[in-house]
Amino acid sequence: MLVAGIIYVKVDGWLIPARGAFTYLCSGVKRNLEMGADTSAYVTETPQVGYIKGSISDYGSVDTESIRNAYRVTVTLELGNGKVVSATNAVQCDPMEGNSETGEMPVEFRSGQVEIV
């Protein structure tokens, strides 16, 4: 079974050149176990924003300004194992600092709706 391999990243249907490893976190709730003053334990939940992040290659033809300003876009990450991670109404949150030697630029799309579809 293929666990790693080729990945594809699309922003509103436009394929962008992924580079190296991408990571993702599905949105949901974060649970913490707390201890009360009377030594009873209880669980607290806080909403967790999800993300899809990694690096892209800037070949010169990539519209980096549109990616940098991406707001309320749908981002899909197609993994080598067949899974697809989708971020709906995502916002690009990384300042996208470019590297002139490698042409690499980091991207981070955050959303309250990141899930495996």
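User: What is the bridge partner of Val91 in β9?

Analyst: The bridge partner of Val91 is Arg110. This is a predicted model, where local features need pLDDT of at least 70, side-chain atom pairs count only at pLDDT 80 or more, and totals for chains, interfaces and linings use all residues. Residues are numbered from 1 along each chain as its sequence is written, and side-chain values use heavy atoms, with hydrogens and water left out.

User: What makes β8 and β9 a pair?

Analyst: Two strands pair if DSSP finds at least two bridges between them. Strand β8 (residues 84-92) and β9 are joined by 2 bridges.

User: Which strands does β1 pair with?

Analyst: β1 is joined to strand β7 (residues 71-78) by 4 bridges, and to β2 by 3 bridges. Both pairings are antiparallel. Tyr8 stands opposite Glu78 in β7, and Lys10 stands opposite Leu15 in β2.

User: What makes a stretch count as a strand or a helix?

Analyst: Both are DSSP runs, numbered from the N terminus: helices are H or I with at least four residues, strands are E with at least two. The protein has 1 helix and 10 strands. Along the sequence the pattern is β-β-β-β-β-β-α-β-β-β-β.

User: Why is the protein called more spread out than a compact globule?

Analyst: The radius of gyration is taken over C-alpha atoms, and the globule rule is 2.2 Å times the number of residues to the power 0.38. For 117 residues that rule gives 13 Å, but the protein has 17 Å, well over it, so the protein is more spread out than a compact globule. Along its principal axes the C-alpha trace spans about 60 × 35 × 25 Å.

User: Why is Asp12 called partly exposed?

Analyst: Buried means under 20% relative accessible area, exposed means over 50%, and partly exposed lies in between (1.4 Å probe, protein chains only). Asp12 has 46%, so the label is partly exposed. Asn89, at 40%, counts as partly exposed by that rule. Across the 117 residues of the protein, 32% count as buried.

User: What makes the phi of Asp12 worth a look?

Analyst: Most residues other than glycine have a negative phi. Asp12 is not a glycine, yet its phi is positive, about 50°. Asp12 lies in the loop between β1 (8-11) and β2 (14-16). That hairpin has 2 residues between the strands. Asn89 also has a positive phi, about 55°, and is not a glycine. Asn89 sits in strand β8.

User: How do you know that the side chains alternate along β1?

Analyst: In a regular strand the side chains alternate between the two faces of the sheet. In β1, Val9 and Val11 point to one face and are buried.

User: How many positive and negative side chains does the protein have?

Analyst: Lys and Arg count as positive, Asp and Glu as negative; His and the chain ends are not counted. By that count there are 9 positive and 14 negative side chains.

Conventions
Charge placed at Lys NZ, Arg CZ, Asp CG, Glu CD.
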